[in-house]
Amino acid sequence: MRNNDNPWAKRLPSAVDMKISKDRSIKQSMLLVTMVLIGFSAAAQDAIIPRPSPLAIVTARYKDSYLRITYSQPHKKGREIFGELVPYGKVWRTGANEATEITITKAIQINGTLLKAGTYSLFTIPNKEDWTIIINQDVGLWGAYNYNEAQDVMRFKVPVTKIPGEVIFEPFTIQIDQRNEVANLLMLWDKTRISIPIKFI
């Protein structure tokens, strides 16, 4: 019996069949590559872009009392800071992005005045010779645009001092210089230094 007459005979693939199969494999590979590239593109679009003024946190603890300051760090980048980028005589968020916030778990003294436990916004009004420090009970604010003086719980002034020598603070920096129950909250940027006395009680 001839193969053509046998329905069970296996037909060998022709050159046309092989070309069709090859074309199909190439198209499937191209489709897979395209889907992968689309996935990478979508992931890149969803990726978190770093902030120009990164988030920073500084903390202090004394016994069972804990203090945390959350702020963002703008950078000098060759600019004139106080009196230019940060105008004199205007309320400042004390950093960048969201208003700086201070959280305390127990009451403390700031500049000799009692501040109850809680979370507050920390605003400032820079001037050439002194700064006004503002503790405000509104939180979760973007910048100082919605600052409400009626929500202030504390206001006081501290002198401006210049950072000695050739040291320049490129990023705005908040530090806590602590010695047991007493500490100084330091704000440093460019050549400017602000010191706020704190006491854990």
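**Largest cavity.** I looked up the classes of the residues lining the largest cavity: 8 are nonpolar, none polar and none charged. Here Ala, Val, Leu, Ile, Met, Phe, Trp, Tyr, Cys and Pro count as nonpolar, Asp, Glu, Lys and Arg as charged, and the others, Gly among them, as polar. The model is predicted; local features need pLDDT of at least 70 and side-chain atom pairs 80 or more, while totals for chains, interfaces and linings use all residues. Numbering starts from 1 along each chain as its sequence is written, and side-chain values use heavy atoms, with hydrogens and water left out.

I listed the cavity lining: I102, I110, L122, I133, I135, F156, L185 and I196. Its volume is about 40 Å³. I counted 1 cavity of 30 Å³ or more. A cavity is a set of points, on a 1 Å grid over the protein atoms alone, where a 1.4 Å probe fits but cannot get out; a pocket is an open set with protein on both sides within 12 Å along at least five of seven lines; lining residues have an atom within 4 Å of a point. Points are joined across faces, edges and corners, and a volume is the space filled by probe spheres set on them.

**Largest pocket.** I found about 220 Å³ of space in the largest pocket. It has 13 lining residues, with L85, V86, W92, R93 and G95 nearest its centre. The lining divides into 8 nonpolar, 2 polar and 3 charged residues.

**T100.** I placed T100 in the loop between β2 and β3 (101-104); strands are DSSP runs (E, at least two residues), numbered from the N terminus. T100 is buried, because its relative accessible area is 0% (buried is under 20%, with a 1.4 Å probe and protein chains only). A polar atom of its side chain lies 2.6 Å from the backbone oxygen of T94. Beyond four places in sequence, T100 touches residues including R93, Y120, L122 and I174 (contact means heavy atoms within 4.5 Å).

**D190.** I found D190 in strand β11 (residues 182-190). D190 is buried, with a relative accessible area of 12%. Its side chain makes a polar contact of 3.3 Å with that of K76 (N or O atoms within 3.5 Å, one able to donate a hydrogen and the other to accept it; residues adjacent in sequence count only if both atoms are side-chain atoms).

I checked β1 (residues 55-62) and β2 (residues 65-72): they run antiparallel, joined by 8 bridges (pairing needs at least two DSSP bridges). Y62 stands opposite S65. The hairpin has 2 residues between its strands, and K63 in the turn has a positive phi of about 55°.

Terms used:
Helices (H or I, at least four residues) and strands (E, at least two) are DSSP runs, numbered from the N terminus. Buried means under 20% relative accessible area, exposed over 50%, partly exposed in between (1.4 Å probe, protein chains only).
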